[in-house]
Amino acid sequence: MVSRRSYSSYNDGCAAAHALDLIGDRWTMIVVRELLLGPKRFVDLQRDVLGIGPGVLTRRLQELTAHGVAQRRRLPGPGRVEVYELTAWGHRLEVVNSTLSAWAVQSPSMPLEADMSPDTLVLAMRTHARPPADIPGPRTVSLALTDSRQANLEPVHYRAVMTADATVIERIAEPGRADAAVAASTRDWKACIIGGIPLPRLPGIVVTGDRSAAELLIAATALRSD
């Protein structure tokens, strides 16, 4: 395989060109995107990045590791499971991912009907997150998303904390106590958050606990047209 020449080899000293040398190859930013919310095993990345072959994924992870964007780590405990995670520098790519997303959503050819992985959908929520209007006090929502693209997968869990100052959403290992719990497929949750379809028209989304807290989360993270 012929390797792609770097922009610097053409005497281009632009920092943006160098960034593309680091993350501009096909699949690279998609792999980065799937690591932004936390470490994953190789098999997790294969599951979440549909269409990537094991050879290409291996090369992209090797390149990201060599460039200092990602690192490989063995988890403590039985089995010594190996995961890939972003370095502190690599995590700074979330703002790049968010900026690209906010720019591309205005594209007339944006594939709005296509599905998204759970992490990708939550990253979109984080991109659009703002403090809820007229929130009576801090509210928490537990969110369980099941990947619509593949059958028989366990839900991925997230926790959203809303205050008058911010809305923060993180991936968590398992659900904890919250004011409200939301369970949805990624297809239904995308229809709500990005498509603007109200909860009553999406019976596949199950809300338990304080429904108003779930409504606050939707209002605070939904895609805005302005």
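Biologist: Axes are lines fitted to C-alpha atoms, for helices over the stretch in contact, and angles run from 0 to 180 degrees between N-to-C directions. On that basis, at roughly what angle do the axes of H8 and H9 cross?

Modeller: The model is a predicted one. In it, the axes of H8 and helix H9 (residues 211-221) cross at roughly 65 degrees and come within 9 Å. Angles of 65 to 115 degrees count as roughly perpendicular, so H8 is roughly perpendicular to H9.

Biologist: Which residues meet there?

Modeller: From H8, Trp189, Cys192 and Ile193 meet Leu217, Ile218 and Thr221 of H9.

Biologist: And H7 against H8: parallel or perpendicular?

Modeller: Their axes cross at roughly 15 degrees and come within 10 Å. Angles under 35 degrees count as roughly parallel, and H7 and H8 are therefore roughly parallel to each other. The crossing in which H7 passes H8 is left-handed.

Biologist: Which side chains or backbones meet, by residue?

Modeller: On the H7 side they are Pro118, Leu121 and Met125, and on the H8 side Thr186, Trp189, Lys190 and Ile193.

Biologist: Trp189 keeps turning up. Which residues have the most contacts inside the largest nonpolar core?

Modeller: Trp189 and Ile205 have the most contacts inside that core, which has 51 residues. Leaving aside neighbours within four places in sequence, Trp189 is in contact with Leu121, Met125, Leu143, Leu145, Val182, Ala184, Ile194, Ile205, Leu217 and Ile218. As general background, nonpolar side chains tend to be buried together in soluble globular proteins.

Biologist: Now Thr186. Is that residue buried or exposed?

Modeller: Thr186 has a relative accessible area of 1%. The cut-off for buried is under 20%, so Thr186 is buried. This residue lies in helix H8, which spans residues 186-193.

Biologist: What is Thr186 in contact with, beyond its neighbours within four places in sequence?

Modeller: Its contacts are Met116, Ser117, Pro118, Leu121, Leu145, Thr146, Asp147 and Ser148.

Biologist: Asp147 is charged. Which side chain does Asp147 meet in a salt bridge?

Modeller: Asp147 meets Arg149, with an N to O distance of 2.7 Å. Asp147 counts as buried because its relative accessibility is 5%, whereas Arg149, at 24%, counts as partly exposed.

Biologist: Changing topic: how many salt bridges does the count come to?

Modeller: The count comes to 17 salt bridges. One of them joins the side chains of Asp119 and Lys40 at 3.1 Å, N to O. That pair links distant parts of the chain, 79 residues apart: Asp119 is in helix H7 (residues 118-128), and Lys40 is in the loop between helix H2 (28-35) and helix H3 (42-48). Asp119 and Lys40 are both buried.

Biologist: Which salt bridge does Glu94 form?

Modeller: Glu94 forms one with Arg126, and their closest N and O atoms are 2.8 Å apart. Glu94 lies in helix H6 (residues 93-104) and Arg126 in helix H7, so this pair ties together parts that are 32 residues apart in sequence. Glu94 is buried at a relative accessible area of 16%, while Arg126 counts as partly exposed at 23%.

Biologist: Last one: which residues do salt bridges with shared partners join into one network?

Modeller: That network contains Arg33, Glu34, Lys40, Arg41, Asp44, Arg47, Asp48, Asp119 and Arg171.

Conventions
Residues numbered from 1 in each chain as written. Predicted model: local features only at pLDDT ≥ 70, side-chain atom pairs only at ≥ 80, totals over all residues. Heavy atoms only, no water. Core = buried A, V, L, I, M, F, W, Y, C linked by side-chain atoms within 4.5 Å. Buried < 20%, exposed > 50% of the residue type's maximum accessible area, 1.4 Å probe, protein only. Contact = heavy atoms within 4.5 Å. Helix = DSSP H or I, 4+ residues; strand = E, 2+ residues; numbered from the N terminus. Salt bridge = Lys/Arg side-chain N within 4 Å of Asp/Glu carboxyl O. Parallel < 35°, antiparallel > 145°, perpendicular 65-115°, else oblique. Left-handed = near helix turned anticlockwise from the far one by under 90°.
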